[in-house]
Amino acid sequence: MTFKEFVYKILLEVRTPMSAKDIWDYGVQKRYHEQLSTKGATPYNTLSATLGDLSKKENSRLGRTIEKPYRYFLKDASSLSHTSSIVDCTDLYTQIDERFLHDYVTYFASKHLNVRTKTISEKETSKGRKGEYEWLHPDIIGVEFPFERMRKEIYDVNMILSNKSFTFYSFELKKEIKGFDQLRRYFFQALSNSSWAHQGYLASAHIDEDPNLRNELQRLSTRYGIGVIKIDVQNPDDTSILFPAKEKETLDWDMINKLTEANRTFFNFFDIARMSADYRKVAESNATFYDTLYTKQQLRKKITDKR
């Protein structure tokens, strides 16, 4: 018996949403775990990983509740109880577009990277010759002010020593990454439009589980320094960095100059960053310029309203 069969057998018997622990405990009680063809050193961890993978696959029989702790259920079971918080999450990413993901990246960047973000609109980019501005800028740019966490006296010393006052970020967003052709096209697009930043990321709501594709993604990330973020639209706090970005020591100032000439928002972004070098003006600029930061409750409502 595979772990997938183990899960389906139990949920079909119980016919009510169950947590991973409940599924495992029930299986042990019924001695179904003894029928597993492979257990490994940590069978419960394998079960948890299987549940996560199955619940996110398109056309899967398995659904997952929106609230933590997650509970899992069979969508084709004829009778279910306690289902008020159930939301089928297997194909959420198919119902959204890339613009929908912006608020989730802003939330993640703020909560986990201490980064303020700004969405860049292609409509504001100058019209150059054919192909001149292709892959020029990312979907979202961001900045971290490390001195925000410093005392004023330490900030003054930092400026005297000419240490870095900012960390600039680039985020390229994609709804899904499926197949090697799409993977390489999206990855090198993220690489191309992040040369101006200290750190560049490719972020997606769905990344194919194919081990060979994941290995290739990791290889490219390691080789070129572009990080990868997996966006969880159902639970924003579960958005995570699959592969971290490698921080560049120097910036491509020629590219930055080109970007500020081509796009007004990009120019304003750097102008605000320049003014924010003043220790007293960071909060002021944050209130008037950067992307709106929604709460996780507001983000959850957004995806629930998509159902």
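Strand β4 and strand β5 (residues 140-144) pair in the antiparallel sense over four bridges, where two strands count as paired if DSSP finds at least two bridges between them. The model is a predicted one, in which local features need pLDDT of at least 70 and side-chain atom pairs count only at pLDDT 80 or more, whereas totals for chains, interfaces and linings use all residues. Residues are numbered from 1 along each chain as its sequence is written, and side-chain values use heavy atoms, with hydrogens and water left out. Helices (H or I, at least four residues) and strands (E, at least two) are DSSP runs, numbered from the N terminus.

**Confidence**

- The protein chain averages a pLDDT of 82, and 79% of the residues score at least 70; pLDDT is the predictor's confidence in each residue, from 0 to 100.
- Among the elements of the protein chain, β8 has the highest mean pLDDT (95), while strand β3 (residues 86-87) has the lowest (46).
- Over residues 78-90 pLDDT stays under 50, and for this stretch the model has 40 contacts beyond four places in sequence, a contact being heavy atoms within 4.5 Å.
- Where pLDDT is low, the predicted coordinates should not be read in detail.

**The six-stranded sheet**

- An open sheet of six strands runs in the order β4-β5-β6-β7-β8-β9, with mixed pairing; its edge strands are β4 (116-119) and β9 (240-243), each of which pairs on one side only.
- Neighbouring strands of this sheet are turned by 30° against each other on average, direction ignored; the axes behind such angles are lines fitted to C-alpha atoms, for helices over the stretch in contact, and angles run from 0 to 180 degrees between N-to-C directions.
- β5 also pairs with β6 in the antiparallel sense, over five bridges.
- Ile 141 of β5 is the bridge partner of Lys 118, and Ile 141 also stands opposite Ser 170 in β6.
- β5 is mostly covered, with five of its five residues buried; buried means under 20% relative accessible area, exposed over 50%, and partly exposed in between (1.4 Å probe, protein chains only).
- In a regular strand the side chains alternate between the two faces of the sheet. In β5, Ile 140, Gly 142 and Glu 144 point one way and Ile 141 and Val 143 the other way, and all are buried.
- Helix α7 lies across β7, β8 (227-230) and β9, and runs at about 85° to β9.

**Helices and their packing**

- Helix α1 (residues 3-14) has 12 residues and reaches 17 Å from its first C-alpha to its last, close to the 16 Å expected at 1.5 Å a residue; the expected span is 1.5 Å times one less than the number of residues.
- The buried residues of α1 are Phe 3, Phe 6, Val 7, Tyr 8, Ile 10 and Leu 11, and they pack against α2 (20-29), α3 (43-56), β1 (62-65) and β2 (72-74).
- Helix α4 (residues 102-113), with 12 residues, reaches 15 Å between its first and last C-alpha, close to the 16 Å expected.
- Nine of the 12 residues of α4 are buried, so that the helix is mostly covered; among them are His 102, Asp 103, Tyr 104 and Leu 113.
- Helix α6 (residues 180-192) has 13 residues and reaches 18 Å from its first C-alpha to its last, close to the 18 Å expected.
- In α6, Gln 182, Leu 183, Tyr 186, Phe 187, Gln 189 and Ala 190 are buried. They cover an arc of only 160° around the axis, which puts them on the same side of α6; the arc is that of the directions from the helix axis to the C-beta atoms.
- These buried residues of α6 pack against β6 (167-177), β7 (199-207) and α7 (211-224).

**Loop residues and positive phi**

- α1 is followed by Arg 15, whose phi is positive, near 60°.
- Arg 31, found in the loop between α2 and α3, has a positive phi of about 65° although it is not a glycine, and Arg 31 is exposed, with a relative accessible area of 51%.
- Val 233, in the loop between β8 and β9, is buried, with a relative accessible area of 6%.
- Val 233 and Leu 101 are 132 residues apart in sequence and 7.7 Å apart in space, C-alpha to C-alpha.
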